[in-house]
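Please look over the sequence and the model first, and then follow the topics below.

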Amino acid sequence: MSEEILRVEGLSKWFGGLQAVKDVSFSMHRGEILGLIGPNGAGKTTAFNMIAGFLKPSAGSVHFAGRDMTGRKPWDVCKAGVARTFQLSKPFGDMTVIDNLMVGGFARHTDRSRNRDRALEVADFLGLGPLVETEAQNLTAFDRRRLELARALCTEPELLLMDEVVAGATPSEAEEMVKLVRKVRDRGVSILIVEHVMKVIMSLSDRVIVFDHGELIAEGEPAAVVSRPEVLKAYFGENHDIPGA
Amino acid sequence: MNRFAALDKTPQARGLRLTQTHVLLVIVAGLAFVPLVVTDSFTLHSIIMILFFAYMATSWNLVCGYVGQLSLGHAMFNGVGGYVSVLMFTQLGLSPWLGMLFGGLLAMVLAVLIGLPTFRLKGPYFTLTMIAFAEIVRIWVENTNDFAGIPLKGAEGLIVPNRGDDFWAFQFSGKVPYYYIILTFLALALAATAWMERSKLGFCLKAIRGDRDAAEALGVNPTRYTSIAFALSAFMTAIGGSFYAQFFRYINPERSMGLELSIDMAVMAIIGGQGTVLGPLLGAAILTPIAELARGAFGGGLLGLHLVVYGFALMACVLYFPKGAIDPLRKIFRKIAGGGAK
């Protein structure tokens, strides 16, 4: 539990004159679920994309399991053991579910039948078993999300970065997704999750960090963090009334 | 009924997995007997042209069909193959069998050099860039009589000196040897495509076609895998160019690296079914005879009429079989294969 899997130091990103992420530092332990929250435009996704290799940081560093991954390309980040999902799921539409999953497997192994067996296993694990021969474009929105998660798992990650897992999901789907994420963590995968839906973050995360205007403004246990004045201010503005306060 | 359904499952699944390989073997084996039946020289010539275009469309499909990038510059690799093997034969006396390997290698190098800066381009931008590169090469050859001591002979073209019936000179008096050579090339190209489709390379290419960002997140370096496939495709296309040169014993820039050839390759693969193993073969089998008949029927009177035919075929295809003419055949075949398992 105490081993560090991700360390982010002084991470910054400028888009022209705008600084989207300002000198952010945090770290994650192995096996942890860390929630990253903040209002719209807080720089959550920018930070997320820098860790995943999709954006080059303007300054700062990202270390994964002791290895410097700063500014590495997405495919190198993937091979180092960091997988990601996208906010809008991006299935390979004209490929079947099983073929989608096998792409993930090929990141580590070239043996086709091995990848197929493993993809079938992951599909069963996440409840995609009956759908393996379906073309991804014919899946429901929620099954696409499931596929996205399964595909990421097929790359055998140690750290999984998840962007908005329940956006647009019904309450019961959201509940199921929470269960799936827990199942994934129980396999020993550490998870960094960016999420808007407070209920999900509160029930999933071991710890949360809060972004506002590109800065990290709070860090700690979910229940404790969301009652802090600076967090409430970021979400609700200066003159808010806390019900029951 | 249920009992039977349960029993059917395994053989059916196994049958489907072998289907493609079986169809491939049957087609190639069937084609091997054609010269025994067809003795008329003109008909055999026409069938050789069908196989040649099937081979070229298959080579084009190897990268463009699977990555979904429309290259209309592949004729450039055909030209490189033809010119290198012919020049090595006339200048150095090297057998075209070896010369075509050098042509293939040069085409590979050219493909990677062009590919590295252009693969980032998407859709029409990539297509236009490829046309531009191919046209630059064509125009350069057309206007260059002599390059560093190599007699390119410009628009006049190159003639392969006649050596009679000589295997090492890749020259035969009859059509039958050419037939078996191009059939072998085609069989190898189809086998390479079938192998690639199931390999890591094939999965990576299809992933890039599906969604580039998602592919990258799953460990696929798009530039690397597209370059590998593009180089393979260029190599195969160049080998086809050498065959073309030896078969006609004459090449010129217009015929062997013109835009028309690029369009032929692309349209045949698209109409037949790009991104499938047998689609390009089917496309060539449909379109080459139509083009030949149009040329034959109207003679020199209506030049380019076959292009109009292509246009209509393409429109019909996009409207009715967007996945290519292979798609309905596949469905029928699946039904037969499913019924056969019972």
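How many residues does helix α6 of chain A have, and how far does the helix reach from its first C-alpha to its last? Helix α6 (residues 171-186) of chain A has 16 residues and reaches 23 Å, which is close to the 22 Å expected at 1.5 Å a residue, the expected span being 1.5 Å times one less than the number of residues. This is a predicted model, in which local features need pLDDT of at least 70 and side-chain atom pairs count only at pLDDT 80 or more, while totals for chains, interfaces and linings use all residues. Residues are numbered from 1 along each chain as its sequence is written, and chains are lettered from A and ligands numbered from 1 in the order in which they are written. Helices (H or I, at least four residues) and strands (E, at least two) are DSSP runs, numbered from the N terminus.

**Helix α6 of chain A**

- In α6(A), the residues M177(A), V181(A) and V184(A) are buried, where buried stands for 20 or more other C-beta atoms within 10 Å of the residue's own, exposed for 12 or fewer, and partly exposed for the range in between, with C-beta atoms placed from the backbone.
- Seen down the axis of α6(A), these buried residues fall within an arc of 60°, so they line one face of the helix; the arc is that of the directions from the helix axis to the C-beta atoms.
- The face of α6(A) turned away from the buried side carries the exposed residues P171(A), S172(A), K179(A) and D186(A).
- The buried residues of α6(A) pack against α5 (141-154), β7, β8 (190-194) and α7 (198-204) of chain A, and the helix is followed by G188(A), whose phi is positive, near 100°.

- In β8(A), 5 of the 5 residues are buried, so the strand is largely enclosed by the rest of the structure.
- Both faces of β8(A) are covered, with S190(A), L192(A) and V194(A) buried on one side and I191(A) and I193(A) buried on the other.
- Strand β3 (residues 33-37) of chain A runs parallel to β8(A) and is joined to it by 4 bridges, and β7(A) also runs parallel to β8(A), joined by 5 bridges; two strands pair if DSSP finds at least two bridges between them.
- Within β8(A), I191(A) is the bridge partner of I33(A) and likewise the bridge partner of L160(A).
- In helix α1 (residues 44-52) of chain A, 8 of the 9 residues are buried, so this helix is largely enclosed by the rest of the structure; among the buried residues are F48(A), M50(A) and I51(A).
- After α1(A) comes G53(A), which has a positive phi near 90°.

**The open sheet of chain A**

- An open sheet of 4 strands in chain A has the order β2-β1-β4-β5, with antiparallel pairing.
- The edges are held by β2 (18-29) and β5 (67-68) of chain A, each with a single partner strand, so one side of each is left without a neighbour in the sheet.
- Strands β1 (residues 4-15) and β4 (residues 59-64) of chain A run antiparallel and are joined by 5 bridges, with R7(A) standing opposite H63(A) in β4(A).

**Domains and chain contact**

- Chain A is divided into domain 1 (1-81 + 159-167 + 192-238) and domain 2 (83-156), with bounds that come from an automatic or database domain assignment.
- The centres of domain 1 of chain A and domain 2 of chain A, taken over C-alpha atoms, are separated by 25 Å.
- The contact between them takes 10 residues from domain 1 of chain A and 9 residues from domain 2 of chain A, two residues being in contact if their C-beta atoms, placed from the backbone, lie within 7 Å.
- Between the chains, 22 residues of chain A are in contact with 16 residues of chain B, and α3(A) gives the most to the side of chain A that touches chain B, with 5 residues.

- E164(A), in the loop between β7 and α6 of chain A, has a positive phi of about 50° although it is not a glycine.
- F170(B) has a positive phi of about 55° although it is not a glycine, and its place is in the loop between β1 (158-159) and α7 (176-198) of chain B.
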